[in-house]
Amino acid sequence: MTNHKTFLLGVVAGVFSLTASAQVKFSAKIANKPTDTIYVKSRGFSQMIVADKKGDFKATFKVTDGMFKLEVADQYAELYLTNTSDLEVNLDYKDFDNTISFKGEGAKENMFLAAEMLKQPDQSTFEPILKAKNLEALKEEVAKFKETIFAKMPQGLDAGFVAKYKGDVENGMKELIQNLSGAFELKKLNGTPSPTFKYENHKGGVTSLEDLKGKFVYVDVWATWCGPCRQEIPFLQKTEVAYHGKNIEFVSISIDEQKNHDKWSKFVTEKNLGGIQLLADKDWKSDFVKGYKIDGIPRFILISPEGKIVNADAPRPSSPSLVTLLDSLVK
């Protein structure tokens, strides 16, 4: 007769063994691959996978259930993985987003993520959010938008994935509310006297806001290390050309630290930046930056010829709405 204690210990050991051995089984076939090394990554986790003799990628590894990125050279795809995933990925690197597909355990969740990555945002869906007049109206519109996202999720997805995806959406919506509610505070600045500046001019000497009185002033607060700032430079240069000779000055205020003065000066020279190029005296702590409650860059500001704030969070040079705004004011 089997000893009950021995039997139970065997069952426990068996369950523990199954749990301990559970891990992701991952494989990928990549046409036109530019590299023989790919990565599966998340915060605090990185799994390198090297191609075998056939050029395919195979690996088993343990994860904490959640979202990951599959990185192939400079392209990536979102992944959802658990230690029960048995996932095969197929794609053509030359048409990465359109060709990626999944087979096996976890395929449905990852196909959903791939489809979401392909969707082009419909700007009209954001209009009610962007037109909200106050915080309560903003929260209501964001809640409606969130529910439309959840309603479009297909049935039969893994419960853990659904919880994680909804949690990420919730966090994204909270961040959206936080960012847009800050815009309500900035709108209160419109029509009030602008904080002033008096900073070093790249061409020599110093330039103040008072020196520019009588003209509209479009201010770009930026830094040499800021990628999104650099992306706006070509659009800003075109805008400067379009409004050359009109009643407006274009001022770029860098918040690079003073220790990087030479880097800023060299950048302005090499990139042939136009307008009035200034360097703030105390980077983020500069009075002008604090006066406009700037905690992220690039930031664009429009000031009237009388020195009052027209728009404390003006459209970017890459936005068509900037042309609409300037054409309505600048002669």
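Me: Where in the chain is the place of P298?
Reply: This is a predicted model, in which local features need pLDDT of at least 70 and side-chain atom pairs count only at pLDDT 80 or more, whereas totals for chains, interfaces and linings use all residues. Residues are numbered from 1 along each chain as its sequence is written, and side-chain values use heavy atoms, with hydrogens and water left out. If helices (H or I, at least four residues) and strands (E, at least two) are taken as DSSP runs numbered from the N terminus, then P298 is placed in the loop between α9 and β14.

Me: What is the omega of the peptide bond from I297 to P298 near?
Reply: Most residues other than glycine have a negative phi, and most peptide bonds are trans. The bond that leads from I297 into P298 is cis, and its omega is near 5°.

Me: What is the phi of N32 near?
Reply: N32 belongs to the loop between β1 (24-31) and β2 (37-42). Its relative accessible area is 41%, so N32 is partly exposed, a class that lies between buried (under 20%) and exposed (over 50%), with a 1.4 Å probe and protein chains only. Although N32 is a residue other than glycine, its phi is positive, near 55°.

Me: Which loop is the place of A73?
Reply: A73 has a phi near 55°, a positive value in a residue other than glycine. With a relative accessible area of 47%, A73 is partly exposed. Its place is the loop between β5 (66-72) and β6 (75-81).

Me: How many residues does the second, separate core have?
Reply: In soluble globular proteins, nonpolar side chains tend to be buried together. The second core is separate and includes I38, A59, V72 and L91. Its number of residues is 27.

Me: Which residues does F288 touch, not counting residues up to four places away in sequence?
Reply: F288 is one of the residues that touch the most other members of the largest core. With contact meaning heavy atoms within 4.5 Å, and with residues up to four places away in sequence left out, F288 touches S194, P195, T196, F197, Y199, V219, V221, I253 and I301.

Me: At roughly what angle do the axes of α5 and α6 cross?
Reply: Two packed helices are described by the angle between their axes and the distance between the axes. Here the axes are lines fitted to C-alpha atoms over the stretch in contact, with angles from 0 to 180 degrees between N-to-C directions, and those of α5 (residues 135-151) and α6 (residues 159-187) come within 10 Å. They cross at roughly 155°.

Me: How many nonpolar residues are there in the contact of α5 with α6?
Reply: Among the residues that meet are L135, L138 and F145 in α5, and Y165, M173 and F184 in α6. Ala, Val, Leu, Ile, Met, Phe, Trp, Tyr, Cys and Pro count as nonpolar, Asp, Glu, Lys and Arg as charged, and the others, Gly among them, as polar. The contact has 4 charged residues and 1 polar residue, and the number of nonpolar residues is 13.

Me: Is T224 buried or exposed?
Reply: T224 lies in the loop between β11 and α7. Residues up to four places away in sequence aside, T224 touches R230, D256, K263, W264 and F267. Because its relative accessibility is 4%, T224 counts as buried.

Me: Is A151 buried or exposed?
Reply: A151 is found in helix α5, and its C-alpha atom is separated by 51 Å from that of K246, 95 residues apart along the chain. Because its relative accessibility is 65%, A151 counts as exposed.

Key
A nonpolar core is a set of buried Ala, Val, Leu, Ile, Met, Phe, Trp, Tyr and Cys residues joined through side-chain atoms within 4.5 Å.
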